[in-house]
Amino acid sequence: TCHDSEDGPFQKVHPPWRVAVNVIDLTPLPEPARRAAMDAHMRERMRTRFDIAVLPLARWHLYRLGEDTWNLLQIEHHFVHDGWSASLFLQEIRDAYDACGRGAEPWQAPLPVQYQDYARWYQEWRGTRDFAAQSTYWLGKLEGCPAEGVTFGSELPRPARQGFTGDCLRANVPEPVVTQIDQLCAAHNVTRFSVFLSAFALLVWRYTAETDFVVGSAYSNRRQIDTAQMLGMFVNALPIRLSVDGEQTIASLVHATMRTTLEAQDNQEFPLTEIVKRLGLPRDHARNPLFQLMFAFHDSPRPLLEFGGLTGELWIEHNGSAKNDLNVVCVPNPPQPGSPLSHAGINVLWEYDTEIFTQETAAALLAGFLHILEILAGNWETRPAGADLLGEARTARALELGRGPRSDPPSETVHAGVDAAI
């Protein structure tokens, strides 16, 4: 837990405690009503705020929907852990459940270091030459960049103060598209992340006409090998400066994006708050500094949830908030046993600020992103300026809006109109 004092904030480490799991049996309800009741209860529970000075900072609710159908809801403060930790936690639950089913004592290998060791290292690192070098990199990389950050146009006026209220759309990038992208990645020696981020950059460029802009991205911040198996909040949001030239090939854009993401990875420990402070950016209650759009790729290995006679799947509930105008997270699905692929498609979580975008606008942007991904699964020698990045239907709609409403003229000619008026 975290506390304030006259000497500044401090963290208190508590001994292990017995976890409470709130069991809600919905089987007395008619079967068609059970999921609706569960959804309503989950929404209510997710609206309950955490007090970071009081345990627990994670809560669990277990819903019984049928004789052999259960739903486990975990609600947590982000202080507890990040996306990488979530995969580790799922593995630990799977292994512990399997051990209990066999009548064995659950066991986890002891960690070589604890989170407090990482925190101590981090404070010491702030006085090193590496910290200074990373500062120099970010200040140079972001020199002259727009202070407010690019965003998409909206029919809604921006509020004077951010409310951080949001909603989330979901989509799935199918296996064939991801497989084609993977093949191109192998041929060009680039990563999936660089391709997906390039697709998002093309979406921003097509909708805004901006060629130089900053997009936020979450990096795992676990370059120290001892942190790989540790639960905790390590992730760091970084400002990724991207450039799009409509006359360059898509291959050139992807390679340039790849170089930028690798540079950011080499400097991922430097805190975003320090970047904003050292750039001296003006603060605005209506928007975040540096970027309004975020794009992240969760590439941490996610376990297949088949254990102890159980089969399960991970579903990420949305809590009704929005950290930015738009926050995109791509989550690869684990492959089925025996599959030659490294994935089973990719889930796209498209979180948007409901005070900035309508659901219709957010859905149109998501559809545009998926369309561009299909283009990127094909010919990389295409130039963005010559590619139909909007798609046939959206291009026709844009042209229709540009022409405005049509009406028949009152007269066949201008002369006839003048004569009629006289």
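Modeller: Contact means heavy atoms within 4.5 Å. Keep that in mind as we go. This is a predicted model, where local features need pLDDT of at least 70, side-chain atom pairs count only at pLDDT 80 or more, and totals for chains, interfaces and linings use all residues. Residues are numbered from 1 along each chain as its sequence is written, and side-chain values use heavy atoms, with hydrogens and water left out.

Colleague: Let me try contact on one residue. Which residues does T151 touch, not counting those up to four places away in sequence?

Modeller: T151 touches R158, T208, Q292, L293, D325 and F357. One of these partners also makes a polar contact. That term means a pair of N or O atoms within 3.5 Å; within protein, one must be able to donate a hydrogen and the other to accept it, and residues adjacent in sequence count only if both atoms are side-chain atoms. Here the side chains of T151 and D325 are joined at 2.8 Å.

Colleague: Where does T151 lie?

Modeller: First, the naming. Helices (H or I, at least four residues) and strands (E, at least two) are DSSP runs, numbered from the N terminus. T151 lies in the loop between helix 4 and strand 6 (166-173). Sequence distance and space are separate things to read. T151 and Q114 are 37 residues apart in sequence and 39 Å apart in space, C-alpha to C-alpha.

Colleague: How do I read accessibility?

Modeller: Buried means under 20% relative accessible area, exposed over 50%, and partly exposed in between (1.4 Å probe, protein chains only). T151 has 23%, so it is partly exposed.

Colleague: How many salt bridges does a search of the whole structure find?

Modeller: A salt bridge is a side-chain nitrogen of Lys or Arg within 4 Å of a carboxyl oxygen of Asp or Glu. The search finds 17. Among them is E44 with R45, with the closest N and O atoms 3.2 Å apart. E44 is partly exposed at 41%. R45 is partly exposed at 25%.

Colleague: Which parts of the chain does the pair R222 and D82 link?

Modeller: Their side chains meet in a salt bridge of 3.1 Å, N to O. R222 sits in the loop between strand 7 (212-219) and strand 8 (236-243), while D82 sits in the loop between strand 5 (69-76) and helix 2 (83-101). These are distant parts of the chain, 140 residues apart.

Colleague: Are R222 and D82 buried or exposed?

Modeller: R222 is buried because its relative accessible area is 10%. D82 is buried too, at 5%.

Colleague: Which residues do shared partners join into one network with E274?

Modeller: Start with the pair. E274 forms a salt bridge with R126, the closest N and O atoms being 3.2 Å apart. E274 is in helix 8 (residues 272-279), and R126 is in the loop between helix 3 (115-125) and helix 4 (129-141), 148 residues apart. E274 is buried at 10%, whereas R126 is partly exposed at 30%. Salt bridges that share partners join R126, E274 and R278 into one network.

Colleague: Now a sheet. What is the order of the open sheet of three strands?

Modeller: Two strands pair if DSSP finds at least two bridges between them. The order is 3-4-5, with mixed pairing.

Colleague: Why is one side of strand 3 and of strand 5 left without a neighbour in the sheet?

Modeller: Strand 3 (21-25) and strand 5 stand at the edges, each with a single partner strand, so one side of each has no neighbour there. Strand 3 runs parallel to strand 4 (residues 58-66), and five bridges join them. I24 stands opposite Y63 in strand 4.
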